[in-house]
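Subject: Structure handover, charged side chains

Hi,

My notes on its charged side chains follow.

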Amino acid sequence: MSIWLPSAPCTPGACVEPTEPAAAVPRAVLRLTAVAVLVIGGIVLLPFGRRIPAGPVRWWCRAIVRAAGVRVRVVGATAPAGGVLLVANHISWLDIPLLAAVRPARMLAKTEIRQWPVAGPLVARSGVLFIERDRLRALPETVARIAGALSAGAAVTAFPEGSTWCGRARGTFRRAVFQAALDAGVPVQPVRIHYRRSDGAASTVPAFVGEDTLLASLWRVATARGLVAEVEVRDAIPPGSRPDRRALARAAELSAGLGAHQEPHRT
């Protein structure tokens, strides 16, 4: 276990509520087909990702979430231009397109993805910053690469909890990635993501946790009714406003609404 890969106690059986009432199977199949078409289109365009304007990228990311049957609500501040570290709590695979809808950015990803057939080389060409989570000695080099990207004016997205949580239980922001923001002298943009039902109650249906498979999570989301993804963009933390990465990580964690940690939800 490394500091890049902390464990979360959340599991599908303990934390994820059933999808009731469920949409008809044909509707779910139609939703997943639409998601697949959008994702394939994005993969084809990945090598040209840095040349595509931010507007179409944001539209595409929102379209993926909407195609899965999830309404999107983005509120709060506007992410600053130039180099910025976007950090958010991590609940679902939906979090990735949701953050890109706020500000298209270079994503941190595990280095194993580089070895995936077809997708690996395409993702590598899209500007993803790979991290070796099982090699502590690689940490300083990884932080330096992130800082270099931020100094060059890029936005970088990270999920400092290091693992997905159900949304009712929450993790702690790990400090390492915040050192890159300090070294580059760029702001940190905290974002809070949470999922609700149409009646306003919190929902764990979109959670992608524990031994859950991507296919099972996709099907659960596609068969649910009335899911809403709420993205709260908090005020950016200016560079130089915190003395060290510990204080910066804590400030971002509190801003993202993760100050109080809870036990996993039991159904």
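Arg-245 is partly exposed, at 34% relative accessible area (buried is under 20%, exposed over 50%, partly exposed in between; 1.4 Å probe, protein chains only). This is a predicted model: local features need pLDDT of at least 70, side-chain atom pairs count only at pLDDT 80 or more, and totals for chains, interfaces and linings use all residues. Numbering runs from 1 along each chain as its sequence is written, and side-chain values use heavy atoms, without hydrogens and water.

Arg-245 sits in helix 9 (residues 245-255); helices are DSSP runs of H or I with at least four residues, strands are E runs of at least two, both numbered from the N terminus.

Salt bridges next. The whole structure has eight (a side-chain nitrogen of Lys or Arg within 4 Å of a carboxyl oxygen of Asp or Glu).

- Arg-168 pairs with Glu-17, closest N and O atoms 3.7 Å apart. The two lie 151 residues apart and link distant parts of the chain. Arg-168 is partly exposed at 22%; Glu-17 is buried at 11%.
- Arg-196 meets Glu-230 at 3.1 Å, N to O. This pair joins strand 6 (residues 188-196) to strand 7 (residues 227-233). Arg-196 is partly exposed at 24%, while Glu-230 is buried at 13%.
- Asp-199 bridges to Arg-197, with the closest N and O atoms 3.7 Å apart. Asp-199 is exposed at 56%; Arg-197 is partly exposed at 32%.

Glu-17, Arg-168, Arg-197 and Asp-199 form a linked network of salt bridges.

Best wishes
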